[in-house]
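Q: I have the model open and want a quick tour. Take me through it piece by piece.

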Amino acid sequence: DEEFDELCFEFGLELDEITSEKDIISKEKGEEKAKGASDVILYKIDVPANRYDLLCLEGLVRGLQVFKERINLPRYEKIIPAEGEGQRLIITEQTAQIRPHAVAAVIRNITFTKDRYDSFIDLQEKLHQNICRKRALVAIGTHDLDTISGPFTFTAKAPSEIKFKPLNQSKEYTASQIMDLYRTDSHLRHYLHLIENKPRYPVIYDSNGVVLSMPPIINGDHTKISLNTRNVFIECTGTDITKAKIVLDIIVTMFSEYCEKPFTVEAAEVVYPNGKTHIYPELAYRTEKVKPEYINKKIGIRETPSSLAKLLTRMCLKSHVTGNGNHIEVEIPPTRADIIHACDIVEDAAIAYGYNNIQMVIPKTYTIANQLPLNKLAELLRLDLAAAGFTEALTFALCSQEDIADKLGMDISATNAVHIANPKTAEFQVARTTLLPGLLKTIAANRKMPLPLKLFELSDIVVKDPNTDVGARNYRHLCAIYYNKSPGFEIIHGLLDRVMQLLEVPPNEENGYTIKAAEGTAFFPGRCAEVFAKGQSIGKLGVVHPDVITKFELTMPCSALEINIEPFV
């Protein structure tokens, strides 16, 4: 286990945990439920999101074997059948509105076992979740070719006109009935919305009118793959042709290993509505040239061109040195759709070299970091507010609309708040425009504590601002609250004076601070003042309005202060 963990780490993966089905179930549902579950050891391996070729056992083992230099990287080959003998997939123009693209291929003379079959299905599922974006971009269908006869037609029809027996069901249903059938299915219900409200549903037929699948929901039962299947027809339909090609390439390269002639795949022809044809899978190999010094410089190592080429070859990127060692020619196989730029090649060279083997050096530039002035001021104030007997609270930057508007007696439009487009909970709908609600909620949660409660928070608030590049602006606010049997306005006023004393702002109008009577919806009429400093209004202090106190489920009077500290930086 330790050696394998080490190997994964060297290859840029992470062995997350070593567990078994029994362990997983007992952790999630308790010992009782885990009885009878399998004890077989399972490795949970974290694969980076860009490496689709490592999402199944076949690809992972192949990658590790090449990395350990036990095998050479296989050459994937596409066999184009004789004229008129290959499989054809004809796309009709009806599909244009819903899922316009389709690609196809055939895996011939494959031998399945239980494990291989499970891995085959599992890879499709992982690709669906990952690159296919929960089947929104691409949906994969795999069929037993010997149960159907081509050419195949990819079209779109009204739900009532589509009728077939879905996978693992005992009778035929129309497309609309299928949607109702799977509405309660824990696995398939998540994909129904992709086509549910469309006037036509996509569907693939063979030449005899047998339904292969209704992407992206379900395959037909007729073409179901079993352990005895010898020839597999693979179709990928979708809204993104590039992703569809990648998905097809991954599936055929991973499982052509089990063909009679390993790593060969039979091409299929796709006919577009405009009459053009294209042969899939593309299985495109391409070469890129990279300068050895570019790789060395980016990683911070000094390797010869030939050893760099060897490192890249171990990462499934077959490489050799050309032109007096000035260039490395790298061949990118169809399994590596993630190699988009030279930096991707550099990254693989770094992984093969081993991040831990790169020598640490002191950077050439010599700079001394400084704390941001605003943060420095905030830190200093925090210490002194605590020294004044107030306890610091840290509350969420997001809150509900009621917290910053209704409960404080304001209208939400007047707050200028930034709204979240799709909030997960009612508690996190907007970014806070004031710190007061957070502190009032904190007091409500701590009503059992002995009085008086003296809290403060020094954090950012967010308001809309059309003049900034992001359309919003942060302000660093200081909010303090005193909660007791009497309002204690004098205590909060005293705190303001202490803060100003620390900031060396004198209590006068010319260059200091003053407070003037004001009205605020959250404050008691006649018990509220606005604070002016540096010639501008920086906030308010006062006794909190009884309505506000009740709305936050509090019972005692309290007074609060909230000011913006940015003018004092």
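Q: Start with Gln124. Buried or exposed?
A: Gln124 is buried, at 8% relative accessible area. Buried means under 20%, exposed means over 50%, and partly exposed is in between, using a 1.4 Å probe and protein chains only.

Q: What am I looking at, and how are things numbered?
A: It is a predicted model, where local features need pLDDT of at least 70, side-chain atom pairs count only at pLDDT 80 or more, and totals for chains, interfaces and linings use all residues. Residues count from 1 along each chain as its sequence is written, and side-chain values use heavy atoms, with hydrogens and water left out.

Q: Where is Gln124 found?
A: In helix α5. Helices are DSSP runs of H or I with at least four residues, strands are E runs of at least two, and both are numbered from the N terminus.

Q: And which residues is Gln124 in contact with?
A: Ile140, Thr142 and Ile251, leaving aside neighbours within four places in sequence. Contact means heavy atoms within 4.5 Å.

Q: How do α5 and α7 cross?
A: At roughly 165°, with the axes of α5 (residues 114-129) and α7 (residues 241-255) coming within 11 Å. Axes are lines fitted to C-alpha atoms, for helices over the stretch in contact, and angles run from 0 to 180 degrees between N-to-C directions.

Q: Parallel or antiparallel?
A: α5 and α7 are roughly antiparallel. The cut-offs: under 35 degrees is roughly parallel, over 145 roughly antiparallel, 65 to 115 roughly perpendicular, and the rest oblique.

Q: Left-handed or right-handed crossing?
A: Right-handed for α5 and α7.

Q: Now α8 and α10. At what angle do they pack?
A: About 65° for α8 (residues 292-299) and α10 (residues 342-353), with axes 10 Å apart. So α8 and α10 are roughly perpendicular. α8 passes α10 in a right-handed crossing.

Q: Which residues in α8 and α10 meet?
A: Tyr294, Ile295, Lys298 and Ile299 of α8 face Ala342, Cys343, Val346, Ala349 and Ala350 of α10. That contact of α8 with α10 has 8 nonpolar, no polar and 1 charged residues.

Q: New topic. Where is there a cis peptide bond?
A: One runs from Pro215 to Pro216, with omega near -5°. Another joins Tyr280 and Pro281, omega about -5°. Pro216 is in the loop between β11 (211-214) and β12 (218-219). Pro281 is in the loop between β15 (277-280) and β16 (286-290).

Q: Which residues have a positive phi without being a glycine?
A: Among them, Asn324 at about 55° and Glu553 at about 65°. Most residues other than glycine have a negative phi, and most peptide bonds are trans.

Q: Where are Asn324 and Glu553?
A: Asn324 is in the loop between β17 (318-322) and β18 (327-332), and is exposed at 79% relative accessibility. Glu553 is in the loop between α16 (546-551) and β27, and is exposed at 53%.

Q: How many residues of α14 are buried?
A: 7 of the 10 in α14 (residues 436-445). They are Leu436, Pro437, Gly438, Leu439, Leu440, Ile443 and Ala444.

Q: What do the buried residues of α14 pack against?
A: α12 (401-404), β22 (453-464), β23 (472-483), α16 and β27.

Q: Since β27 came up, what about Asn564?
A: Asn564 lies in strand β27, residues 558-564. Asn564 is buried at 14%. Asn564 touches Tyr475, Arg476, His477 and Ile538, not counting residues up to four places away in sequence.

Q: Last one: where does Ser149 lie?
A: In the loop between β6 (138-144) and β7 (152-157). Ser149 is partly exposed at 28%. Leaving aside neighbours within four places in sequence, Ser149 is in contact with Asp206, Ser207 and Asn208.

Note on methods. A crossing is left-handed if the near helix is turned anticlockwise from the far one by less than a right angle, and right-handed if clockwise. Ala, Val, Leu, Ile, Met, Phe, Trp, Tyr, Cys and Pro count as nonpolar, Asp, Glu, Lys and Arg as charged, and the others, Gly among them, as polar.
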